[in-house]
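Hi,

Here is the structure I promised to pass on. Have a look at it first, and then read my notes below.

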Amino acid sequence: MNSTPFLQSLEAMRKESDKALGHLFAGKIKANFLLDIKRRVQELLGNDIQKYFDFSISTEKLVSGMDDAATIDYELCRHIVGIHRANLVFLSEDERISREKNSEYRKELAENVLEHIKLRPYASVLFRKYPIIQGENFIYFPLPYDLFSICFKMNRILTQNQSERDPLRLLYIQIANKGLAALSMLEDNFLDNAYPICRGAMELYTKVLLLLNVPQIIDSFFKFSEYELRLSCCEQTYLDEFNSLFSNRVNQKEHNKVEYIHFGWVDKIEDYHKIVKQKPYTIKGVITYLRNQYEDSDNEFFDNIETLYKMCHGYTHGNVNSSKYPLLHYFEISIMLYYVLSHTYKIVCEQYSVQTQIDDIDIITKTNKDFEQVIAQYSERNTEKFEAYYKRKL
């Protein structure tokens, strides 16, 4: 049987598909470069492609449009465009051209895309094809994609290990869920709306660090959580038991009852008020205490947490509106979530004796590497570079 017409038909379909992909991503990446990287990724995947995409056919999948096989080229291209554009931030046109001509860069980019495909069950498969608000697909930039994978894996660990012996399990789940919520906001381009969620995640994270440092106060922490819950959704008033504690609080100079219901449990820490002289019943007070408990080498870490928290507070309570440069929000949200999520993930894995790797990906090393790139780019930010980034025409 002569198969030439059939092969010719397949080749024609491939060319039409590639042409369509070039049009879909026009203005974001050069078509020839995109298609070359796609070919390289497909060669790297080989038969393993069936591990990450579902090629089975069913009536349900046909009517719902949930057919992986029909969208694989598009999905691969989204990863290529996301990672490549993340690498190009603030680079000049000449630097972009130089990278795209570099065979080693092409090889490295294809390998990075392969890593993201391997993480697909933990991240990209959960995202819509089109954001609610049109804009950049920041979730396909490496760092937020890593962080989404970490959140999903962390939730899986905590779901599969419902140990009553771990009193902080619920807090870990809350942190992971806040991470997923903030990253979803990033994906759908509700960028400034992610800041209050990041703020809550940082509060939870610092509380976890304090509770791990002083575990004997965990019961008191949850008692105050109960007071807060009863106040917000049941009695709508402060319980007599709480009022008694407030009247006998250690630091009588502080009169803010709302702050006390959030952080009054710190009174159970013997040396807390000797160390924390200002704002003891706030997140600032908790950070001050933690800074004292850790090595001097960790001071920069807590300084960064405090600075980022203040930034969130500005977006949440101040008059700061969404920036004209969405890339700025991508930087800030990614950096905030990195500090919280990557460190919480390591804590969870250690608590539950689980390897940090996700399948065969060393997600901690990858996340740290992608974080370093974001930090380097963030440090270069200025109005001129933002303007050049948004005027770039590929």
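What percentage of the residues of the chain count as buried? It comes to 48% of the 394 residues. Keep in mind as you read that this is a predicted model.

A few more overall numbers before the details. The chain has 19 helices and 0 strands. Its accessible surface is about 20100 Å², and carbon and sulfur atoms account for 50% of that. As for contacts between residues at least 6 apart in sequence, 70% of them join residues at least 24 apart.

I looked at two helix pairs. Two packed helices are described by the angle between their axes and the distance between the axes, so that is how I'll go through them.

First up, α8 and α9. Helix α8 covers residues 142-160 and helix α9 covers residues 169-187; they pack at an angle of about 150°, with the axes 9 Å apart. Since angles over 145 degrees count as roughly antiparallel, that is what α8 is to α9. Their crossing is left-handed. On the α8 side the contact includes Pro144, Leu147, Phe148, Cys151 and Phe152, while α9 brings in, among them, Tyr172, Ile173, Ala176, Leu180 and Leu183. By class, the contact has 13 nonpolar, 5 polar and 1 charged residues.

Asp146 has 0% relative accessibility, so it counts as buried. What does Asp146 contact, leaving aside its neighbours within four places in sequence? The list is His116, Leu119, Ile363, Lys366, Thr367 and Asp370.

The other pair is α2 (residues 31-45) and α7 (residues 103-118), which pack at about 55°, again with axes 9 Å apart. At that angle, α2 and α7 are therefore oblique to each other, and their crossing is right-handed. From α2, the residues that meet α7 are Phe33, Asp36, Ile37, Arg40, Val41, Leu44 and Leu45. Facing them in α7 are residues including Tyr105, Arg106, Lys107, Leu109, Glu111 and Leu114. This contact divides into 11 nonpolar, 1 polar and 5 charged residues.

Cheers

Definitions and conventions: Residues numbered from 1 in each chain as written. Predicted model: local features only at pLDDT ≥ 70, side-chain atom pairs only at ≥ 80, totals over all residues. Heavy atoms only, no water. Axes fitted to C-alpha atoms, helices over the stretch in contact; angles between N-to-C directions. Helix = DSSP H or I, 4+ residues; strand = E, 2+ residues; numbered from the N terminus. Parallel < 35°, antiparallel > 145°, perpendicular 65-115°, else oblique. Left-handed = near helix turned anticlockwise from the far one by under 90°. Contact = heavy atoms within 4.5 Å. Nonpolar A, V, L, I, M, F, W, Y, C, P; charged D, E, K, R; others polar. Buried < 20%, exposed > 50% of the residue type's maximum accessible area, 1.4 Å probe, protein only. Areas by Shrake-Rupley, 256 points an atom, 1.4 Å probe, with all protein chains shown as cover.
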